[in-house]
Amino acid sequence: MPDVTFRQTPPVKHGTALDQLETPCLLLDEAKLRANVENLRARLVRLGVTFRPHLKTAKSLDVGRIAMTAPHGPAMVSTLREAEYFAEGGVRDLVYGVGIAPAKLDRVSAIRAQGADLALILDSLEQAEAVAAHARSLGDALPVLIEVDADGHRSGVAPADADLLVEIGRRLVAGGAGLRGVLLHAGDSYALHDPAALTAAAEAERMAAVTAAETLRAAGLPCPVVSVGSTPTARSARDLTGVTEVRAGVFMFGDLYQAGIGSVDPADIALSVLATVIGHQRPKGWIITDAGWMALSRDRGTAKQAVDQGYGVVCDLAGRPYPDLIVADANQEHGIIAVRRGSEATLPDLPIGARLRVLPNHACATGAQHDRYHVLDGTGRVSAVWPRINGW
């Protein structure tokens, strides 16, 4: 178990009530977390693919052990700090899901020397040459997945550029690296909300992945792994023929952005921030809390959706949303709560010292502001405190 220490004053005991916690702090509903994981896992079993949970949101071994199908993995990470942490915790089957920078290869090798099978992704000849040279120098066939661009969202070899795809594969194999397969991420699915459009995006992702794999195999190159994934497409795929594994991460927590595109139900959001009322500006219709953007994050992704959720939806201590009550604005350490513009709802009577919960716009960004989860049991009390890491 890796050594993760964090300040805990006062100590939080099993059974602690929410109104006894220091605020702001991060809450995790364990029952909802487990249900979200089981629902997606069962769906992927029916579709006949391996599940590789993305742990970039979790950043916690306790959560990772719930999400993974076995203690050793498989899993995906987005930073080498995460790779180190999970490897130290016994996770062996890992993919580092950010295009590799050559300067990071020594650190990759150090993680692999601990016994972790850490695979890399890349999408250029320059990266392939650097990885191959490093593999030759160490005699370690660094495993690589070639990233393929599913939808023009961000990174990856264009699906139509078969020549580049094959040349990258050839240089890896000739240089002594291990070509493990292809990897795609349908990032544009996050901008969709229509179920039919999400299903179409999942199918387009699958077809791009299968086409890339067939291109490599036709050139005599290995491609045992065909990896796809995002929370929206994992939830929307109807056919995964030719795919070997699916990746998803934020699904296990849920957030308001994912709820806005229909890939999670708002009632299934497992993450929230506990805050305390510290003031009122009654002529303005404001309630002030101690949870500003340093606790909630500055993510305003829902501003581009049909329903703008401000900096988060405000709930009572049981997690029930107040009618049309949102964090309408935020300063560094102050949250400004107001009724949604245009609503006929009334501002609740929340006195100084009252506690409330805020559902996040983006679970990854909100989680990154905190060093631990206060885990809730079925009674709404704290059953455990789980550390989480940050950094690169």
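Me: Which residues does serine 230 touch, not counting residues up to four places away in sequence?
Reply: This is a predicted model. In it, serine 230 touches His185, Ala186, Ser189, Tyr190, Glu205, Arg247 and Ala248, with residues up to four places away in sequence left out.

Me: Is serine 230 buried or exposed?
Reply: Buried. Its relative accessible area is 2%, and the cut-off for buried is under 20%.

Me: Where is serine 230 placed?
Reply: In a loop. Strand S8 (225-228) lies on one side and helix H8 (231-236) on the other.

Me: What does the side chain of serine 230 make a polar contact with?
Reply: The side chain of threonine 233, at 2.7 Å.

Me: Switching to the whole chain. How many helices and strands?
Reply: The chain has 11 helices and 17 strands. Its radius of gyration is 22 Å, close to the 21 Å from the globule rule for 392 residues, so the chain is as compact as a globular protein of that length.

Me: What box do the C-alpha atoms fill?
Reply: Roughly 70 × 45 × 35 Å, along the principal axes.

Me: And what share of the residues is buried?
Reply: 53% of the 392 residues.

Me: What about contacts between residues at least 6 apart in sequence?
Reply: Of those, 67% join residues at least 24 apart.

Me: Now the surface. What is the accessible area of the chain?
Reply: About 16,200 Å². Carbon and sulfur atoms account for 52% of that surface.

Me: Last one, charges. How many positive and negative?
Reply: There are 39 positive and 44 negative charges, and their mean positions are 3 Å apart.

Notes. Residues numbered from 1 in each chain as written. Predicted model: local features only at pLDDT ≥ 70, side-chain atom pairs only at ≥ 80, totals over all residues. Heavy atoms only, no water. Helix = DSSP H or I, 4+ residues; strand = E, 2+ residues; numbered from the N terminus. Buried < 20%, exposed > 50% of the residue type's maximum accessible area, 1.4 Å probe, protein only. Polar contact = N/O pair within 3.5 Å; in protein donor to acceptor, adjacent residues only side chain to side chain. Contact = heavy atoms within 4.5 Å. Rg over C-alpha atoms; globule rule 2.2 N^0.38 Å. Areas by Shrake-Rupley, 256 points an atom, 1.4 Å probe, with all protein chains shown as cover. Lys, Arg positive; Asp, Glu negative; His and termini not counted. Charge placed at Lys NZ, Arg CZ, Asp CG, Glu CD.
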